[in-house]
Amino acid sequence: MSVADDPRREEAKTKLDFDSDEERFEYMVRRIEEKLDDYEGYDFSLRQVRALNIFFELAQEVRGRDMFYAVCMMIPKVLFGLESSIYLLEDEETFVLADCSTDRSAFEPVRTWDHELTRHVVLTGGRLHIPIQCNPHFADMLPFQPPHNILGSFVFHPCLNTHGHDCLFLEKYVNRVGYQLHQRIIRSRNREHLRFIKSMVQDIGHNVIVPNMYFKLYFNRLKRQIEELHVTTEGVLSLMAHCADDECVRQGERLARTASAIEAQYQEIYRHYETTSMFLETLLRRRHFEEGRYVLEKREVDLRTGVLEPQLERYRQALEDRGVQIGYQLGGAPDQEVRMIMDRGLIAQVFANFLSNAVKYTESASLPGAGQGKFLSYGWQLLKDYYGPGRPAIRLWIITTGPPLRLNDPMTVFKPGFRADNVATESGTGRGLYFVRQVVELHGGSVGYRHDGRGNEFYCMLPFEHEPRGVHADSGEACPDGEAGDASAQGAPQQ
């Protein structure tokens, strides 16, 4: 039976997820026992077994694709007197000669699928063509989806007397070549990907971050012009008051309103610029790409004025447009100053994701004393000794009216790609709350969801770290455990 037709192999290709460790171990024990039976049935010669062992050892030893091809071709040549060539798929239709153990001029450099290069083993003209199969579990990591999970074709010759048992051995040999080659292609792609990312990070710094800083200069110039406009407007209004002409007064008042509107628009644009710049510089931080993970840059920040209120102002108009009222019937927002150590840019994006969802998914409800409507409230609460003696936490939460999400596990909402059944009319990727979870857990905290009968509450717990009095925020010195201060929020909901 051909390797490609082995039903147990097909089972292994599809059986990837298990409900328990016991099930996973039992499955692997069964596969090992099946493999023992298989090898007894193969009845490979000592030389063939050694060929497989030598291949595994040398494949681990050599580096570079050319040396790997040399290992693959020289083992059949030295041990069995077989010459060989390797064709690999460059795209879904085109085979390219990767290497051969004899004169290259004897082989076509480029071929397509034909009667020899197929998904099956083909013996013709003394040449044995065996398809090189990839690992189907990782086929999506290749440059393209390989047809029939085939990477290429391994051609052996002379094979006039190769059949049955010897053909089965060569199939098994090529199968191992395919899996090893697949891993090497993935590693090569990953290296290329990393090189591209490193280059892109440098380009981002040069072409995005630095030019974006010039907007600060332009905003400052515009602010001075607006201030000059206000001074000029006051002068015009004073002159028009002396003129006492009704039309002059009306035009003066119109000028004053226009100047005030320009000022308000400037403030709105500048707030968005500050937030966008912070997010841009935080998400495109070079160390994220260099280390392959989010890297925190923590410093002391005022939670309310440095994180929450700027994001609330950013989403206020969108909330109003959707008819969402920022009320405190669900629990009041505390107004105490809370200074704590965090990565301001990332935690700000946590709250921004909560607010973005509030804009899209808040639904109308009846609240005592507030009537019918859409409501949002937010707040925070200091929890003494939450992480142990002298290790307080701060709980940040946002509640929006609406029916509960239908979930078996509340943490499902924080999984990548999750979208609830009430989002059909709203755009989204299902990445926002997963990002929230990543950032909060990176800070050493946790996230959660619940419906308390009034609305949907999303919250996060963060270690309450702050600096001892007199230590500068950039010094990197942390506050001794237990010096949390009195920042507890009155009326905030308990966990």
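I take buried to mean under 20% relative accessible area, exposed to mean over 50%, and partly exposed to mean in between, with a 1.4 Å probe and protein chains only. I am working on a predicted model, where local features need pLDDT of at least 70 and side-chain atom pairs count only at pLDDT 80 or more, while totals for chains, interfaces and linings use all residues. I number residues from 1 along each chain as its sequence is written, and side-chain values use heavy atoms, with hydrogens and water left out.

**Entry: the chain**

I looked up the overall make-up and found 10 helices and 14 strands. These are DSSP runs numbered from the N terminus, helices being H or I with at least four residues and strands being E with at least two. The chain has 495 residues, and 42% of them count as buried. For contacts, meaning heavy atoms within 4.5 Å, I took pairs in the chain at least 6 apart in sequence; 66% of those contacts join residues at least 24 apart.

**Entry: E116**

Is E116 buried or exposed? E116 counts as buried because its relative accessibility is 15%. I placed E116 in the loop between β3 (110-112) and β4 (122-124). Leaving aside residues up to four places away in sequence, E116 touches R111, V122, T124 and H129. With H129 there is also a polar contact of 3.5 Å between the side chains. I count a polar contact as a pair of N or O atoms within 3.5 Å; within protein, one must be able to donate a hydrogen and the other to accept it, and residues adjacent in sequence count only if both atoms are side-chain atoms. I also checked I130, which is 14 residues from E116 along the chain; their C-alpha atoms are 9.1 Å apart.

**Entry: cysteines**

How many disulfides are there? A disulfide is a pair of cysteine sulfur atoms within 2.5 Å, and by this rule I count 0 disulfides. I looked at two cysteines for burial. C72 is buried because its relative accessibility is 0%, and C100 is buried with a relative accessible area of 9%.

**Entry: backbone**

I noted a cis peptide bond from H157 to P158, with omega near -5 degrees. P158 sits in the loop between β6 (150-157) and α5.

D43 is not a glycine, yet its phi is positive, at about 55 degrees. I found D43 in the loop between α2 (21-42) and α3 (46-61). At 57% relative accessibility, D43 is exposed.

H148, also a residue other than glycine, has a positive phi near 60 degrees. H148 lies in the loop between β5 (127-133) and β6. Its relative accessibility of 46% makes H148 partly exposed.

**Entry: the largest pocket**

I looked up the largest pocket, which holds about 650 Å³ of space. A pocket here is an open set of points on a 1 Å grid over the protein atoms alone, where a 1.4 Å probe fits, with protein on both sides within 12 Å along at least five of seven lines; lining residues have an atom within 4 Å of a point.

Which residues lie nearest the centre of the largest pocket? They are S277, M278, E281, T282 and R285, out of 26 lining residues. The elements giving two or more residues to this lining are α5 (165-243), α6 (246-283), β7 (299-302), α8 (303-321) and α9 (344-361). Of the elements, α6 gives the most, with 8 residues.

Methods: Points joined across faces, edges and corners; volume = space filled by probe spheres on them.
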